[in-house]
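Student: I would like a close look at a single part of this model. Could you take me through it?

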Amino acid sequence: MVLFIIFCPIVAAILIMIGAPARKTALAASVLALAAALFLLVSFDHGQRDFQHVTSFPISPEWHLSFTTGIDGLSLVMILLATIVTLAAVWFTGTIEKYENAFYACLLFISGGAIGAFASIDLFFFYAFHELALIPTFLLIGIWGSGNRVAAAWKITIYLAIGSFILLLGLILLYQSFPVPARSFDIRALKAAAGLGQISADAQRHVYLLLLIGFGILVSLFPFHTWAPEAYASAPAPAAMLHAGVLKKFGLYGLLRLAIPLLPEGTHHWANLLVVLLLGNIIYVGLVTIAQKRLDWMLGYSSVMHMGYIFLGIASATILSTTGAVVLMFAHGLSIALLFGLAGELRKQTNTLVFDELGGLGKVMPFASLAFGFGIFAAIGLPGLANFAGEIMIFFGAFKNGWEMAHFHIFQIATVLALWGVVISTVYMLRAYRKTFMGTMSERWKAIVDLRPALRVPVALVVGGLLCYGFFPQSLVQKVTPVLRTYLTGDRNLTDMEFGSHGAVSPCVTKQYRSSASTQRDGYNAWQITRR
Amino acid sequence: MTMITAPELEIAVLVLGMAILLVEAFAANIDKRALAFVAIAGLASVLVASFFVAPNPSTGQATGFWSFYTADRLSIFFKQFSLLTTIFVLVLMIDYAPVVRSSFPGNTPQAGLGEFFALPIFTCVGLMYLVSAIDFVFIFVSLELVTISFYVLVSFTRRNPITLEAGTKYLVLSALSTGFLVYGIAWIFGATGQTNLQQIANVLANPTTDRNAALLGMVLVLVALGFKIAAVPFQIWVPDVYQGAPTPVTAYLSVGSKAAGFVVLLRVLQPFLALPQTQRLIVVIALLTLIYGNLAALPQTNLKRLLAYSSIAHAGYLLIGVACFDASAISFYLAAYLLMTLLSFAVLIIVAQQTGEQIADFDGLAKRSPFLAFAMLIGMVSLAGVPFTAGFFGKFFIFYAAIAQHQTALVVVGVITVGCGFYYYLKVVRAMYWQSANKTDKIPVNGLSRLAISALIAATIWLGVYPQPILDALKR
């Protein structure tokens with residue numbers, strides 16, 4: 001089933017390249033993939049802590065390299081996000097004048113690459129699948145982009161190429177940090193070996209730094225973020241939806257999947273650096289976002305800014321905050337895809353996204369303005385929409401982190417500053433809404449029509465997802481928390497029996513994890529994050 | 001099944017080459033392209049036969065023929081490599097035949113074609129001997145066999161002034177490098193009294209040997225081999241010769257000559273590994289080659305010249321492997337390099353006959369021939385090192401070795417140069433897919449080329465997903 005979800009878009013893309021009818025094939029493939037993902041969601045076995053639906057094809061026995069796929073709660077949530085956004089993105093793609101088949105093939109390659117990366121248990125394929133999106137992105141922006149597409153396409157491609165190469169070096173170093181018999185590309189085997197303390201604290205620090213830079217470039221962590229707004233502003237809307245909504249989450253997913261369980265010492269060691277950088281995302285990029293004069297650029301910068309919250313959740317490495325990070329990844333993916341999709345539709349009709357030229361469009365596009373409203377309120381983090389659940393878990397988790405320390409802890413300072421980020425995002429989002437949909441309408445826009453009824457389906461799908469998980473975040477939390485609990489507290493049996501003698505994890509980190517785990521168990525039962 | 005011994009492979013290829021020359025001389029009226037097909041069939045059967053050769057590892061005590069010829073796994077692998085390269089080069093030459101014909105005006109329409117198809121076979125014999133050579137004398141002789149047949153091939157379409165310039169440059173500089181090689185061998189022989197590499201290693205292990213003299217000899221040999229593999233600072237000839245030579249010959253130079261150069265480099269460096277200066281020297285050369293090749297490739301507008309600089313850049317990555325002395329990483333990289341370079345040249349030859357060799361001549365190729373554009377796309381992304389292509393695994397193994405040996409400088413420079421690589425390779429992709437074409441007529445591809453290109457695409461992707469066959473072939 002997992003293989004089906006990965007190869008459904010990829011096979012469809014190949015068929016389209018050969019000459020199958022582009023839109024029909026792409027829609028069919030993305031509907032099938034979403035259906036399969038929903039089936040996995042329903043049939044998910046909450047009792048099992050390890051990966052489910054595992055299939056494995058050996059590639060190289062001497063390197064312990066195999067094509068292994070499977071899902072656990074964490075990857076299931078990401079796959080669900082990927083399939084929803086893929087369907088929305090394909091649906092939002094209208095008729096393309098130039099090379100229509102290639103456009104749909106590129107979209108599906110990006111989608112298949114992202115799903116493959118989320119479903120891979122093998123490090124090599126985890127990396128390789130993500131790279132599958134690189135060339136399609138280059139082509140999508142280069143051929144069909146708008147604005148300064150040439151510069152944007154070069155910038156994103158070279159940035160991401162270098163970022164992923166640094167990531168590759170980090171992964172190689174990670175592989176080599178284990179003693180020869182324990183070396184494997186299988187994440188489960190690595191985790192078991194790391195649990196036995198086979199990766200030294202020194203190595204953890206080096207690997208974590210490389211992974212942080214590599215993943216950081218891919219996720220547009222400050223100061224490696226400059227490619228993102230330009231690329232998203234120039235990309236055709238479906239490409240921006242997939243890239244900002246799904247593909248960018250790969251780096252965050254990678255940190256959760258690799259850094260948290262394998263490199264606790266590295267996570268601890270570089271936490272201060274990461275906090276400073278993520279505040280750069282939230283505060284600096286947030287202020288830059290306010291200064292934007294175009295809707296597409298503003299959305300691009302806002303997606304960079306929101307990465308800061310997720311990084312905060314990951315950096316503080318408590319169960320509550322990392323769970324919140326995953327929920328926010330999911331929610332942000334949906335909301336930013338919705339916003340980019342609507343902005344793309346707007347651009348098709350107006351040919352401009354400059355705020356000063358827009359205004360009053362709510363009169364002619366009531367449905368679009370309603371949907372856009374949902375998008376921005378989700379992005380701000382209003383209760384009732386999924387982003388709120390994620391953000392509040394991150395803030396609580398990060399603030400709790402370091403509770404036992406005597407002095408004011410860096411995570412508490414960071415949380416306080418990050419809360420101001422919510423104000424910042426309220427300012428720019430509401431301003432964008434006002435300048436686009438409120439006020440007096442220029443005569444030019446009289447002929448504009450609302451979203452076609454066909455396009456209301458994907459909008460409803462995404463808004464439905466945001467509302468559904470906004471009211472019932474537990475259903476995501478239930479799936480994600482057990483995984484993160486084993487990552488942060490070690491093996492569960494070990495946790496219950498003797499927690500202190502936990503291999504390479506330094507006493508300080510263990511204590512921190514343990515304290516946060518126990519306080520959460522006592523204090524936040526309302527979130528139902530414990531499944532005991 | 002009786003096992004074939006390794007030297008029989010070279011003898012078979014040699015006989016094939018002579019037979020083709022004789023047929024060419026006495027049967028003047030046949031279609032000369034038939035010779036190429038015979039040559040391809042002959043080489044293919046030798047290639048099949050090579051899989052039944054039992055490798056026998058060389059020992060220090062070997063005498064007679066076996067004291068300068070080895071049939072270890074590495075040499076068998078590279079014999080197959082040379083055969084495969086030559087087969088593909090012959091396919092490219094068939095495509096290129098009209099250009100050769102047009103450069104021999106007069107009333108003999110097929111003049112020159114026979115030699116054009118026969119010479120690569122002799123080059124192939126030279127390459128096959130070279131990868132087996134473990135004695136300096138034998139290295140020298142087989143290297144000359146390769147080089148002399150290349151002298152002729154490079155300047156084959158000699159009425160073209162650019163080709164003539166390329167031929168002269170190659171001749172002069174190659175002769176100079178040969179001089180360095182002989183001089184270096186003389187120094188090593190003088191210091192150690194041996195020409196067999198194993199014996200030299202034994203003598204060098206003896207503390208009374210004059211190591212400085214031997215080291216000087218090694219550096220001189222390195223100059224000569226640096227010329228062959230296009231390492232900085234011996235790369236000056238590469239862009240002009242690559243651009244001027246007939247395109248199939250350029251492909252042959254860039255794949256066959258380079259691969260053999262690296263095998264010899266590995267063998268020659270073996271005795272000197274114990275000396276710490278050796279590795280430092282190689283690291284410096286690798287750094288210079290990486291930086292020069294990649295930076296100089298950035299502004300190129302002629303695709304052949306771009307591929308010339310890219311060949312220097314790849315020599316840099318391969319030298320990282322040499323600095324870490326990882327033979328299997330180098331071999332895998334070369335195998336990947338064979339596929340992707342020949343793929344690019346195959347497309348280049350077909351497109352260049354329709355439009356030209358500039359990158360701008362590839363504008364809108366995706367409209368004119370989606371097949372060729374896709375082939376070039378795979379070639380370029382593989383050269384750039386995108387996963388699921390053979391080129392990625394090549395870089396992966398090379399950098400794996402570099403990280404394992406803590407070669408920080410090489411790794412850091414490698415990151416930057418990989419970024420550069422993405423720029424100049426994707427420039428070609430950009431031309432093919434973004435730009436619109438001046439001409440819109442379709443580009444015809446004949447059946448044999450279509451088959452060869454499809455095979456190269458399939459192999460590039462196959463090795464990018466499943467590298468194990470090559471790793472198995474190299475396992476000792």
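Which residues in H8(B) are buried?

Tutor: Happy to. This is a predicted model, in which local features need pLDDT of at least 70, side-chain atom pairs count only at pLDDT 80 or more, and totals for chains, interfaces and linings use all residues. Residues are numbered from 1 along each chain as its sequence is written, while chains are lettered from A and ligands numbered from 1 in the order in which they are written.

In H8(B), the buried residues are Ala214(B), Gly217(B), Met218(B), Val221(B), Leu222(B), Ala224(B), Leu225(B), Gly226(B), Phe227(B), Lys228(B) and Ile229(B). Here a residue is buried if 20 or more other C-beta atoms, placed from the backbone, lie within 10 Å of its own; 12 or fewer makes it exposed, and anything in between partly exposed. Helices are DSSP runs of H or I with at least four residues, and strands are runs of E with at least two, numbered from the N terminus.

The helix itself covers residues 211-229 of chain B. Its 19 residues reach 26 Å from first C-alpha to last, close to the 27 Å expected at 1.5 Å a residue, where the expected span is 1.5 Å times one less than the number of residues. After H8(B) comes Ala230(B), with a positive phi near 60 degrees.

What do those buried residues pack against? Their partners in chain B are helix H6 (161-192), helix H7 (197-205), H10, helix H11 (276-297) and helix H12 (303-324). Contact means that two C-beta atoms, placed from the backbone, lie within 7 Å.

H10(B) (residues 247-269) and H13(B) (residues 327-354) have axes that come within 8 Å and cross at roughly 170 degrees. The axes are lines fitted to C-alpha atoms over the stretch in contact, with angles from 0 to 180 degrees between N-to-C directions. H10(B) is therefore roughly antiparallel to H13(B); angles over 145 degrees count as roughly antiparallel, under 35 as roughly parallel, 65 to 115 as roughly perpendicular and the rest as oblique.

On the H10(B) side, the residues that meet H13(B) include Thr247(B), Val255(B), Phe262(B) and Leu266(B). Those of H13(B) include Ile330(B), Tyr337(B), Phe345(B) and Ala352(B). By class, this contact has 16 nonpolar, four polar and no charged residues. Nonpolar covers Ala, Val, Leu, Ile, Met, Phe, Trp, Tyr, Cys and Pro; charged covers Asp, Glu, Lys and Arg; the others, Gly among them, are polar.
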